[in-house]
Amino acid sequence: MKELKATKLFATFIACTAFISIVALGGYWTHSMNKAAINQQTSTLSSLSRSQAAFLERRLSTAFTATQILAYEVEHHDGEYYWFDEYSNTLLNSIDGIESLQLAQDAIINKIFPLEGNEAAIGLNILSNTQHKEEALSAIKNRKLISVGPVNLVQGGIAVIGRAPVYLYRGTQREIFWGFASAVINLNKLIEATQLKDLINEGYRYDLSRINIISGQEVMLSKSEQPLTEVQASADLIIPAGQWKLTISKPMEEQLFNRNVTGYSISLLMAITIAIGLYLILIQPQRLRILVKEKTKELEELAYKDPLTGLPNRRYLQNYLPDALYKTQKRQKASAFIYFDLDNFKRINDTLGHDVGDQILVIVANRLNTLKGNSNLVIRLGGDEFGIILNDIQSYEEAAEYANKILDNIKEPIVINNNKFTLTTSLGVAMIPEHGHDLVTIMQNSDMALYQAKLEGKNQYAFYNESIKMNAYTQMQSEYDLDQAIRENEFELYYQPQFDLKTNKICAAEALIRWNHPEKGLVFPDHFIPLAESSGKIVELGYWILENAIAYQAKRKRDGQPEILLHINLSSKQISDPNLVQFVQELLLKYQVSASSVGFEITETLILEDLELAKSILQTFKNMGMCIAIDDFGTGYSSLAQLKHLPVSLLKIDRSFVMDLEHDINDRKIIEAIIAMAHKLHIKVLAEGIETKSQWEMLESFHCNLGQGYYVSKAVSGSDFYRIPLTIKHQTSNEYA
């Protein structure tokens, strides 16, 4: 009896402990699921807020730019505004979202377009308006465009006003404050042009606000009828007239309540059931032992097995590897760890969906299982990452042989739903114990080897060594230096003249970037453009080049320099950027530069990456009046037959054909053929690398249109380019600048 009583007390204690633990675990699980749901909702809201904010930002930036344009015109006409109505009509027709444009000489509104419906604003003194007086004074003081609002429109609706202070004789001792140029932007129409109304119908809520530049307080501009909920996401609008913010939320209280009810109910039910079961088991020792063994085995499988592929997971590796390392060391034998992932697997998930991606991962796991030996272990580390431990190998050669088997195995086509996929993989190999005695070191070293394999072109393996480690650190430092250079504006554009071989006149230039490195001095693009490509910084750097090159054209115009065509190089990632065309259009508008004075240079290999996309983008630019040039023609794989389908204005013959022109008859024949065929397609031809007068004369005799090279000038800074005479005087010898 005493033993039974003791057993019952023990069973009761264990059952109560299990009950409390499971309830606590269930509560934690429910809380985690709610947190995951909130995170998912926040991610969705963040995406929506960014997309809608980006749309509003573009529309508002364009509208506020109109204010700056209007202010510039007033300054340009020395305060006269006889042109105002006609010019305003043109602006309103070309820029959406502007309700009206105003001029306020001496801060008193005296011109409005359109006047109809806005007569009440005539004579209004902006500086007497107590509500917005401080902001207007701030605009005058700081000489910056400001936004004012919200303002109730006479004809109904809410608006914001962009105000730009106007100064006559700017930059001189006669400089005076003239007044304000303003644009009234109808917020209701602006909101209607977004998807915010549709989102409200789907249960979303929003607030659109701005920061008052005087008080620093948030000013509400527009919002949904229902207030924001606790789960929300915001996105800032970067516009010329201050800081704005769009916040979007969606109620999920009911959803969370239902989750809590379900989670806690399930947890409580499971706790009661398991507690009763444990009690019954504990008073029956034999059943208990059997059940405990079964449950232990089940839990171990759940904890150490990947649910998708059935392979051991990362947790299993953490427990398994120390023992395997100990046995390897004890037997004084070698082993290896191969770390790899599937090349470009993200593209499959993004284009075909995660269901297809999961099926591919299962097939790959099965292939790896059939490939492994009895003493080897295949692990799924997560995502498309796998690891294989090779036990009892004798040499690097054995590890390399197994790595090649993996490469060949993965390349076997996979067929899913009648679709055939061909995959490749990159592998990093770390030898044990030579390259590490613990999991962290082995994983780090094999990961660096994997990175090296990808750098060398993917679909191959690489063994870890100290040089890889140094290369990894060097690569990281180089990427940091490049990122720092972009932030610190350490780049500068140089310009190499392009000239007409027949008229001896400089008619164009190519913009070439240089890096003014604080330690290395002037660095040429060959040393950092590949780094920008591999690190993903090329688009940001390319946009810097675009803006600074177009700004240089605007400066030449202001300085009274003769107009030339300025060629700018584009990368493949820029061509693939959906914002490229709009960005170029905005720059041309911002700097008041004609599209016909700007050209783009594209390499042959860039075109071949996506011929249809390149054709579409280049045609858009050509329709704008831009010159489209194919750079380094003859070094890639394209042909003139392909070019007849592309909107090309100019072919640039690579300097490798020009440098031996005087001595190599084959180069001469190639150049003559290119020029003749290009002219048949109505495409002009420019020869690169002209370094001698003899080369010039031969190219001119072949009817080559243009040239570029050291014979006239190397690439020079923007200020030095001003000093190059546009008429070229031929040198008396073949030495070049």
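**Reading the model feature by feature**

A: Start with Pro114, which is placed in the loop between β2 and α3. Keep in mind that the model is predicted.

Q: Is the peptide bond from Phe113 to Pro114 cis or trans?

A: As a general idea, most peptide bonds are trans. Here the bond running from Phe113 to Pro114 is cis, and its omega is near -5°.

Q: Where in the fold does Ala107 lie, and where is Asn504 found?

A: Ala107 belongs to the loop between β1 (98–105) and β2. Asn504 sits in the loop between β17 (491–500) and β18 (505–517).

Q: Is Ala107 buried or exposed?

A: Burial is read from relative accessible area, with under 20% counting as buried. Ala107 has 0% relative accessibility, so it is buried.

Q: Which residues does Leu127 touch, leaving aside those up to four places away in sequence?

A: Leu127 touches Ala107, Lys133, Ala136, Leu137, Ile140 and Phe180. Leu127 itself is in the loop between β2 (108–113) and α3 (133–142). Leu127 and Ala107 are 20 residues apart along the chain, and their C-alpha atoms are separated by 6.3 Å. With a relative accessible area of 25%, Leu127 is partly exposed.

Q: How is Ser446 placed, and in which helix?

A: Ser446 is in helix α12 (residues 439–455). The relative accessibility of Ser446 is 0%, so Ser446 counts as buried. Apart from residues up to four places away in sequence, Ser446 touches Phe337, Tyr339, Gly428 and Ala430.

Q: At what angle do helix α15 and helix α17 pack, and how far apart are their axes?

A: In general, two packed helices are described by the angle between their axes and the distance between the axes. Helix α15 (residues 538–558) packs with helix α17 (residues 580–591) at an angle of about 25°, and the axes are 10 Å apart. That angle makes α15 roughly parallel to α17. The crossing of α15 and α17 is right-handed.

Q: Which residues make the contact between α15 and α17?

A: From α15 the contact takes Tyr543, Leu546, Glu547, Ile550, Ala551 and Ala554. From α17 it takes Leu580, Phe583, Val584, Leu587, Leu588, Lys590 and Tyr591. Sorted by class, the contact of α15 with α17 has 11 nonpolar, no polar and two charged residues.

Q: How many disulfides does the structure hold?

A: A disulfide is a covalent bond between the sulfur atoms of two cysteines. The structure holds zero disulfides.

Q: What about the sulfur of Cys704?

A: For Cys704 the closest cysteine sulfur is in Cys507, at 11 Å, again too far for a bond. Cys704 is buried, with a relative accessible area of 5%.

Notes
Residues are numbered from 1 along each chain as its sequence is written. This is a predicted model: local features need pLDDT of at least 70, side-chain atom pairs count only at pLDDT 80 or more; totals for chains, interfaces and linings use all residues. Side-chain values use heavy atoms; hydrogens and water are left out. A disulfide is a pair of cysteine sulfur atoms within 2.5 Å. Buried means under 20% relative accessible area, exposed over 50%, partly exposed in between (1.4 Å probe, protein chains only). Axes are lines fitted to C-alpha atoms, for helices over the stretch in contact, and angles run from 0 to 180 degrees between N-to-C directions. Helices (H or I, at least four residues) and strands (E, at least two) are DSSP runs, numbered from the N terminus. Angles under 35 degrees count as roughly parallel, over 145 as roughly antiparallel, 65 to 115 as roughly perpendicular and the rest as oblique. A crossing is left-handed if the near helix is turned anticlockwise from the far one by less than a right angle, and right-handed if clockwise. Contact means heavy atoms within 4.5 Å. Ala, Val, Leu, Ile, Met, Phe, Trp, Tyr, Cys and Pro count as nonpolar, Asp, Glu, Lys and Arg as charged, and the others, Gly among them, as polar.
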